[in-house]
Amino acid sequence: MILVTGGTGLVGAHLLYKLTTENEKIRAIYRAQESLDKVKEIFSFYTSEITQHFSKIEWIKADITDIPSMIPVFIGIKKVYHCAALVSFNPKDYREMRKVNIHGTAIVVNLAIDAKIDKLCFVGSIAAVGNAINGEIITEENEWNDEDDNHGYAITKFGAEMEVWRASQEGINVVIVNPGVILGSGFWNTGSSKLFTQIYNGFKFYTEGITGFIGVKDVVKAMTLLMNSEVKNERFILVSENKSFKDIFFSIADAFGKKRPSQKINPWQTALFWRVAWLISLITRKEPLLTKHSAKSAHGVSYYSAEKIKKALNFNFEKIENVIKRVVKNYPL
Ligand SMILES: NC(=O)c1ccc[n+]([C@@H]2O[C@H](COP(=O)([O-])OP(=O)(O)OC[C@H]3O[C@@H](n4cnc5c(N)ncnc54)[C@H](OP(=O)(O)O)[C@@H]3O)[C@@H](O)[C@H]2O)c1
């Protein structure tokens, strides 16, 4: 039986749909009843037979940071896809991210070892791969450096990976994927999908920072291929293309038939803006619109290589332009 954590999130829900088209039994965890409707919405992008697919999943209410709730979840499990995480650039979420991403992964790992599972697939992030040296292209070999100005999310995703490597030392076969920014349908008001909503609503600004992007269908394809392969104890960067935020924003606006963002924002402007946003958040107690590290990421220039997965699995990525067109088609107008 397969276990999916984070099945009520972007990656996990798309993964669950794919798994329901295959024959193995599936178990997934959830925390709130409402989040199950979001999974059904994701299934609706693939099929009209939503209930038929959804009913193939055994749902157990559990939290990865709560050991007693997780113990029954592992009964009879042979494969685990660990997608659950807290994703945030807000420094105030750092403690919670340590708890969910590092401690939660340690619990998943300990229970996986105890259950003697066959294989664990962990969704990491390019944020947990070491930075470029002299602007060179980043590969899986780039070393993490504690001395870099790493943001809380990156630190906790790196810490989570360390827990997964511990599982490999305890005899569990593991594969880690490190995706770039994931573009996919659904969850329109959270995470990376919020980009589509912002551009649809006429977001005016863009930066020329560059990073790696990938469609969610490719993330899921790589995860399942790796899980069903002989590959073990390896990590793989998953990036279809390295693109500027400007190009991505323009492509999304074009696909919606909306006006392209017109105002280029320079690093000094974001540096000023995140400080103002921080002050406002102190007064209003609301989430800041921008944080120091999200401002920095908007201007950072990083190129990632996905040669390793291409060679290992003969993997072909979908062009980002096509991913964007499909996501825009699914957007609820
Ligand atoms: N989106 C991206 O651009 C991106 C890029 C690179 C890597 N990643 C990684 O990909 C993975 C999935 O990301 P995503 O975009 O799908 O995130 P998401 O949409 O925010 O989903 C996060 C999932 O984790 C679950 N979760 C959070 N805390 C939990 C806890 N304490 N116990 C159990 N479940 C918990 C959430 O459950 P609830 O529904 O109950 O909140 C949700 O199912 C993460 O590991 C993330 O770090 C994402």
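This is a predicted model: local features need pLDDT of at least 70, side-chain atom pairs count only at pLDDT 80 or more; totals for chains, interfaces and linings use all residues.
**View 1. Pairing of S2 with strands S1 and S3.** Strand S1 (residues 2-5) runs parallel to S2 and is joined to it by three bridges. Leu3 stands opposite Arg27 of S2. Strand S3 (residues 57-61) also pairs with S2 in the parallel sense, over five bridges. Here the bridge partner of Arg27 is Glu58 in S3. S1, helix H1 (residues 10-20) and S2 together make a right-handed β-α-β unit.

**View 2. The seven-stranded sheet.** The strands form an open sheet with parallel pairing, in the order S3-S2-S1-S4-S5-S6-S10. S3 and strand S10 (234-238) stand at the edges with a single partner strand each, so one side of each has no neighbour in the sheet. On average, neighbouring strands of this sheet are turned by 20 degrees against each other, direction ignored. Within the sheet, S1 is joined to strand S4 (residues 79-82) by four bridges, and the two run parallel. Thr5 has His82 of S4 as its bridge partner.

**View 3. Phe187 and its backbone.** Phe187 is found in the loop between strand S7 (181-183) and helix H7 (194-200). The phi angle of Phe187 is near 50 degrees, a positive value in a residue other than glycine. Most residues other than glycine have a negative phi. Phe187 counts as buried because its relative accessibility is 11%, under the 20% cut-off.

View 4. Arg285 lies in the loop between H10 and helix H11 (292-299). Arg285 also has a positive phi, near 60 degrees. With a relative accessible area of 77%, Arg285 is exposed; the cut-off for this class is over 50%.

**View 5. A nonpolar surface patch that includes Ile280.** Trp268, Leu272, Phe273, Val276, Ile280 and Leu289 make a nonpolar surface patch of about 680 Å². Of these residues, Ile280 is placed in helix H10 (residues 267-284). Ile280 counts as partly exposed because its relative accessibility is 45%, between the limits of 20% and 50%.

How values were computed. Residues are numbered from 1 along each chain as its sequence is written. Side-chain values use heavy atoms; hydrogens and water are left out. Patches are made of residues with over 30% relative accessible area and no salt bridge: like charges are joined within 9 Å, nonpolar side chains (Val, Leu, Ile, Met, Phe, Trp, Tyr) within 5 Å. Accessible areas come from the Shrake-Rupley method with a 1.4 Å probe; for residues, only the protein chains shown count as cover. A salt bridge is a side-chain nitrogen of Lys or Arg within 4 Å of a carboxyl oxygen of Asp or Glu. Buried means under 20% relative accessible area, exposed over 50%, partly exposed in between (1.4 Å probe, protein chains only). Two strands pair if DSSP finds at least two bridges between them. A crossover is right-handed if, with the strands pointing away from the viewer, the path from the first strand over the helix to the second runs clockwise. Axes are lines fitted to C-alpha atoms, for helices over the stretch in contact, and angles run from 0 to 180 degrees between N-to-C directions.
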